[in-house]
Structures are given as structure tokens and as C-alpha cells.
Amino acid sequence: MLHHSVQRVDVELGPRSYPILIADGLLRQAGRLAAEKIVPCQAAVVTSQPIARHYLDPLVASLRDAGFDPHPVLVPDGEAAKSFAALEPALSDMARAGLDRRSAVFALGGGAVGDAAGLLAALFMRGVPYAQIPTTLLAMVDSSVGGKTAVNLPQGKNLVGAFHQPALVIIDPSTLATLDDRELRASVAEIIKYGIISDAALFDQVATGRPSEWAAIIRRCCEIKARVVEQDEFERKDIRALLNFGHTIGHAVEAAGGYGGWLHGEAVALGMVAAARLSQRHANLSADEESRILAAIARHGLPVRWPELDEAKVWEIMRRDKKFRAGRMRFVLSDHIGHAFVSENPQEQDVRDAIAALRH
Ligand SMILES: NC(=O)c1ccc[n+]([C@@H]2O[C@H](COP(=O)([O-])OP(=O)(O)OC[C@H]3O[C@@H](n4cnc5c(N)ncnc54)[C@H](O)[C@@H]3O)[C@@H](O)[C@H]2O)c1
Ligand SMILES: [Zn+2]
């Protein structure tokens, strides 16, 4: 029985459907909740040291109580988890622990652990079920939902992976309490993004203050992502692309910032400022809505300008982007807050102008 305050979003993908459960304190009920979707078994709990320190013990205890036999599998922290080098020892740990094709994986951590653990689950014995237990705001509103798993290559991020949907997603917003404040604020950029592309009320809620009720906001973001993924599970249409609002320029800004530069969400904030400018010029976004977008971003301490921006460098990185090589530029633009679409309207010079405008 779920407590009445548990929020639930269902991702409807036929035989791959799964629930997303959201409530403070859910980590301690993870075993019982998981047992409704995964037959209790030998299970790998994939996480990294800084996350394990806070949350591994309660998760392991909860899994044991529900009849699972949990084996912690530690991967390197952060982006270092997403490498081939990290996969092999983790897979060996799983084999040594006696996991087999009836086993399962629990991903405990941010998007990096989640992406790597999801790929481990896709690869081990040609695929075992897994649960996402996200502990960063970014992972709660974005990466834990949708079944994209990946590791990086020296040639680029997320170049190797698999679509492998989780069997369930368990979100305990109280775990955000230990998250670094800058990380938390950066992820608010993604929430603003969801508001711009599909929910004006969510946008207003985030634009006017610091969210105090995370569960409701996370739930709304998960709903939006779930509806997008349901319509375009394998990213073959233009629908999943809408989630990239602010990301085309944002990724280039992130890369141009280099090591110790922008966090992903901060770069996306700048990317959204540029996308809002393009939208105002080429998609009839009103000047008033453009400034409301900037105000919402600034309100959360996120950047709306980058005086040191090297526009030639950002442009060069964008041109090398795999999504751009295939010819025409495609941008996600918004004609009003709450709606976005893919456009081929902006020309090269328009995009370069929007990037340059980020300097002042
Ligand atoms: N699969 C997808 O659809 C998808 C979508 C968006 C992003 N991503 C991926 O997500 C990754 C980024 O994820 P992220 O932003 O969560 O970063 P992250 O996973 O690297 O975590 C950031 C840091 O926060 C720490 N941390 C995590 N939870 C914590 C907690 N509750 N308390 C204290 N510290 C905590 C981690 O140890 C880490 O050092 C990228 O690799 C990106 O490619 C994937
Ligand atoms: Zn993002």
C-alpha cells in the first residue's frame, strides 16, 4: 500500500511501462516498492562513494527487508563513471557476487551513475531489469526517466549506449538536502526548460520563487518527460528533440567553458537565453516573454550573460556537433511560454548573433 502522499507518474510504453514514484522518505521503502515490479533476487546496488556515504546503508537495509540480496558495486564518482574502463570492473563485481540473468540492478546516484548503471543492466547477461533511484535534481527531473543509458568516448559524450527502460523509478526528494547548492540551482534550468516547452503554469511557479515543494515540481517535470518519451521512445521523430530547448548552444557553451567552467545547467541557462533571443526574432515570441525567461533564469542565480564568451570558439564547437553535421540547422524555438517546436528558420548569421549577444 502506498501512502496517500506518494505522487505517481506512469510511463506508458506497452510491455516496457513503468511507474515513477515520488515522496520524501521513499528511499527507506525502496525495497518494498521495487518488489512489486522486480522479483526479489541478487541485486547490484551501483553507486559512487560520496553518494554511498549518505544513502547506501538505508537502501541496502530496505532491499534486504524486502527479500533482495543486495551487493554494493562502487563506480568512480561523476562523469568518470561513464567510461568503458569503469564498466568492466563493475561487471566483474556483479559476476563475482553471483548475479545471473534473474538478477537486477539498482542505480543510486545522479545522472552519471544512472547512465552507467543503466548500461550495466543492459549489458549484463544481455539485459537485466533495473531501478533508478536518482539523488540529484537533474536526475530526478530528467535522466532517470526515458531509458537512455550511455558512457562517453574520448571523441565525445554519450557516444556509446543503449535504450533500456527501468522497471521503476523511485524519487526521494529529501535526498536533495545533501546536494551542493550550486548543483541544485543549475538543475533548476531544466525545470525552467520544461516550463517553456510545455507548461506555462510550471514556468510561473518556478519564475516567481525558490521552489519549496519539490515533489510536486518533480512530478510535473516527470509527467512532461514521460509524455514526450511515450510519443518518441527511440528519438526517431522531432518530439524528443523538444527536450533540447537551450541545449544546442548550451552544449557548445559548456564545452567552450572547459574544465572548471559552467555546470551543465548553467550552460543550458545561457543556451536558453540565446534560444529565447532566436525565438523572439524568428518564432514570434514576444519581447515581454523573452524578458520573463531571462528574469526566471536570473532569479535562480543562473547566468544570463557571459562577458568573456569567445563566440568564434562556441560557433566552432557547435559546427562540430553531430546533430549539425547532417546539413541544415534545426533549432528548438518557443512561440510562447508553454509551447515549443523545431524550426529551420534561423540562418547561420542569426545564430551567431544570438551567441554574440550573450556577451552583454
Ligand atoms: N540519460 C539521460 O536521458 C540523461 C539526461 C540528462 C543528463 N544525463 C547525464 O547525466 C549526467 C549528469 O548528471 P548529474 O547532473 O546528476 O551529475 P552527477 O551524476 O555527476 O552528480 C553530480 C555530483 O553530485 C554528487 N551527488 C549526487 N547526489 C548527491 C546527493 N544527494 N548528495 C550529495 N551529493 C550528491 C555526485 O557524487 C557527483 O559528484 C551527465 O553525464 C549527463 O550526460 C543523462
Ligand atoms: Zn540538460
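Start with Lys 82 and Asn 158: their side chains meet in a polar contact of 2.6 Å, meaning a pair of N or O atoms within 3.5 Å, where inside the protein one must be able to donate a hydrogen and the other to accept it, and residues adjacent in sequence count only if both atoms are side-chain atoms. This is a predicted model, where local features need pLDDT of at least 70 and side-chain atom pairs count only at pLDDT 80 or more, while totals for chains, interfaces and linings use all residues. Residues are numbered from 1 along each chain as its sequence is written, chains are lettered from A and ligands numbered from 1 in the order in which they are written, and side-chain values use heavy atoms, with hydrogens and water left out.

**Lys 82**

- Lys 82 sits in the loop between strand S4 (69–74) and helix H3 (84–96); helices (H or I, at least four residues) and strands (E, at least two) are DSSP runs, numbered from the N terminus.
- Leaving aside residues up to four places away in sequence, Lys 82 touches several residues, including Ala 112, Asp 115, Val 151 and Lys 157; contact here means heavy atoms within 4.5 Å.
- Lys 82 also reaches the ligand: one of its polar side-chain atoms is 2.9 Å from an oxygen atom of ligand 1.

**Ligand 1**

- Taken alone, ligand 1 exposes 870 Å², and the protein buries 83% of that (Shrake-Rupley areas with a 1.4 Å probe; for residues, only the protein chains shown count as cover).
- Helix H2 (49–65), helix H4 (111–123), helix H5 (137–143) and strand S8 (156–163) each give two or more residues to the shell.
- Of the 24 residues around ligand 1, those that come nearest are Asp 77, Gly 111, Thr 135, Thr 136 and Thr 178, where being near takes a heavy atom within 4 Å.
- An N or O atom in the Glu 79 side chain is 2.8 Å from an oxygen atom of ligand 1, and a backbone N or O atom of Lys 148 is 3.0 Å from a nitrogen atom of ligand 1.

**Lys 193**

- Lys 193 belongs to helix H6 (residues 181–198) and is buried at 1% relative accessible area.
- Not counting residues up to four places away in sequence, Lys 193 touches Asp 142, Leu 243, Phe 245, His 247 and Met 272.

**Cysteines**

- The disulfide count is zero, with a disulfide taken as a pair of cysteine sulfur atoms within 2.5 Å.
- Cys 221 is buried at 0%, and its sulfur is 7.0 Å from the closest cysteine sulfur, in Cys 222, too far for a bond.

Methods. Buried < 20%, exposed > 50% of the residue type's maximum accessible area, 1.4 Å probe, protein only.
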